[in-house]
Amino acid sequence: MIFRLSQKLAKKLKVGGLPAVPLDENPFADWSAHLFAVARTQYIIVVNTKSFYSVVFYGKGITNDSEFINRALSNVRELMEYDGQGFVYQRLIAPTSGSVRFAKALDRTTIGSINELVKFSTFFLQDDDEMPPFDVGFKLNGMLL
């Protein structure tokens, strides 16, 4: 499994230089992640690099790579189960999570798409103070990108 980290997130996790690696053969095992803030609260968006299926969660308390991996996988699983895709998670994502690598962003197109998703997330989080990040991810997955 590959997690492609933004420079900002890599710095927060204290991960050294990230290598450039090609897209994983299994598109369900390749995810991109970015750290952003809304009203002084940190959030992390994790996006499937191929399909842009998105999950948003709080960044507070995540200070190293193992905490990030655990929280990211937990949130992906939770949203996919809620979305009726639990079978996909169990069958195609969970088996690949035993070996996780970190890498640089795939390309500028992917970075641009993630930045658009962050803009939408910021709007949703600012517009409705009561909206939890879980619901933001659900809303993002209902949009065309």
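**Salt bridges and a helix face**

Okay, let's start in helix H2, where Glu 81 and Arg 77 sit 4 residues apart, so about one helical turn separates the two. One thing before I go on: this is a predicted model.

Back to that pair. The side chains of Arg 77 and Glu 81 form a salt bridge, at 3.5 Å from N to O. In terms of accessibility, Glu 81 comes out at 40%, so Glu 81 counts as partly exposed. Arg 77 is partly exposed as well, at 31%. As for the spacing, an α-helix has 3.6 residues a turn, so residues three or four places apart point the same way.

How many salt bridges does a search of the whole structure find? The count is 3.

Next, helix H4. Here Glu 116 pairs with Lys 119 in a salt bridge, and the closest N and O atoms are 3.6 Å apart. The two residues are 3 apart in H4, so again we're looking at about one helical turn. Glu 116 has 35% relative accessibility and counts as partly exposed, while Lys 119, at 55%, counts as exposed.

Asp 30 and Arg 4 meet through their side chains in a salt bridge, 2.7 Å from N to O. This one links distant parts of the chain: Asp 30 belongs to strand S2, residues 30-38, and Arg 4 to strand S1, residues 2-5, with the two residues 26 apart. Are these two buried or exposed? Asp 30 has a relative accessibility of 0%, so Asp 30 counts as buried. Arg 4 is at 2%, and since the cut-off for buried is under 20%, Arg 4 is buried too.

Last stop, helix H5, which runs over residues 133-141. Which residues of H5 are buried? Pro 133, Val 136, Gly 137 and Leu 140. If you look down the axis of H5, those buried residues fall within an arc of 100 degrees, so they line one face of the helix.

Methods
Residues numbered from 1 in each chain as written. Predicted model: local features only at pLDDT ≥ 70, side-chain atom pairs only at ≥ 80, totals over all residues. Heavy atoms only, no water. Buried < 20%, exposed > 50% of the residue type's maximum accessible area, 1.4 Å probe, protein only. Arc of directions from axis to C-beta. Salt bridge = Lys/Arg side-chain N within 4 Å of Asp/Glu carboxyl O.
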